[in-house]
Amino acid sequence: MKKFLLLPLAAMCAAGVSAADYLEVELDDFGPIHAGENITLALYDVDGTAPYTYQWKNAAGDLLGSDETLTLTLDRPSVLTLTVTDSKGVSGTAYAEVDVYGLRETAGFEGLVEEGKTFWPGRVYDDPYASESKFYSGGFSFTNTFSPAMGNFCGGFMVSETTDRDFNGATYFEDQFNSAPGGAAEGKGFMVGYPSYARAEITILADEEGAELEGCDLTNNMYLYTSASSGDGFSSPFAKGDYHTVIFKGDNGKSVKFNLADFRDNDASKHFILDKWVHCDLSPLGKVKKITVSIESSNEYVPTYFCMDNLRYADSGSVGNIAADSTASDAPAEYFDLQGRRIARPAGGIFIERRGSSIRKVLLP
């Protein structure tokens, strides 16, 4: 897979800077590897004036090498960069998105937002109108489309760390990254999904043959929550018969549907628009390699957003790692999340309950 980038395209579009002020850098083909294997990345082409200098870096900005090629061992999926500067001081940077199989970690979307910012809208390659990339969290990859030349359109999946619960059309770009509960289900980061008009695909990196999933935590985005609750300039508030559903479809043909808002019941007291994080069971998908995400809504004009946190593999939960206590069965209950971490005040999801010698999963309101 070749990847290249003209830097910085977002600024170029805004300022009208000529692409001639930046190098076009392209990497040679590379493929996925397994955890612990070596990979060699190499410069394929650059359009500047020799001689050149080279800087290979990881996502943290650490310098990895200064030659045309880079060989290293990776134990997890990684985004690496090669910055090339020519004899005239003109630079360009290429990104290498390296899939690494063998990692069965939960996607918690932590550490993906640049320090000092509250969200990550996407990465720009060669096309400022529709630049598709992907990012990694845990043992998964997520597609993203970011188009600075199209009003900073973001599609597919983005990452947020904001704790705001507002939505205002005047600050749409920033507010589209807000979740209805105000923040993540756990930690700081969470994923914002907007599967309309862009590819929204999750790749399973635990094993090349696929893997089974336990589930994830889902909630509404504030844009959808505001639109469904109060209406906006495009749609009316949700009424009897309305619904908003996120669909996860595996490459094996199996699907899971999860209602983020539902006004179809004859009993109005059962109508809801989610404003808290709720567990979604993804085990009915079975063994999958890829998942395509879409939105189905009764109103074609509502914003088709949702938020996700803690996407988990079926065997990434830590029930087996929580030892039973030999004390009596009337011992006080202790609670752990699905990664085996003790939770002092569990609420709103599935937890592991240990009560003496009894260990079980429970759903708490």
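This is a predicted model: local features need pLDDT of at least 70, side-chain atom pairs count only at pLDDT 80 or more; totals for chains, interfaces and linings use all residues.

Which class does E208 fall into by relative accessibility: buried, partly exposed or exposed? I looked it up: E208 is partly exposed, because its relative accessibility is 37%. My cut-offs are under 20% relative accessible area for buried, over 50% for exposed and partly exposed in between, with a 1.4 Å probe and protein chains only.

Residues are numbered from 1 along each chain as its sequence is written, and side-chain values use heavy atoms, leaving out hydrogens and water.

Back to E208. I found E208 in the loop between β16 (201–204) and β17 (213–219); strands are DSSP runs of E with at least two residues, helices runs of H or I with at least four, numbered from the N terminus.

Next entry: R104. I placed R104 in the loop that runs between β10 (100–101) and β11 (119–120). R104 is partly exposed too, as its relative accessible area is 37%. I also checked R104 against A211: they sit 107 residues apart in sequence, while their C-alpha atoms are 9.2 Å apart in space.

Then the whole chain. I have 3 helices and 26 strands written down. Of the 365 residues, 51% are buried. For contacts (heavy atoms within 4.5 Å), I took pairs at least 6 apart in sequence, and 66% of those join residues at least 24 apart.
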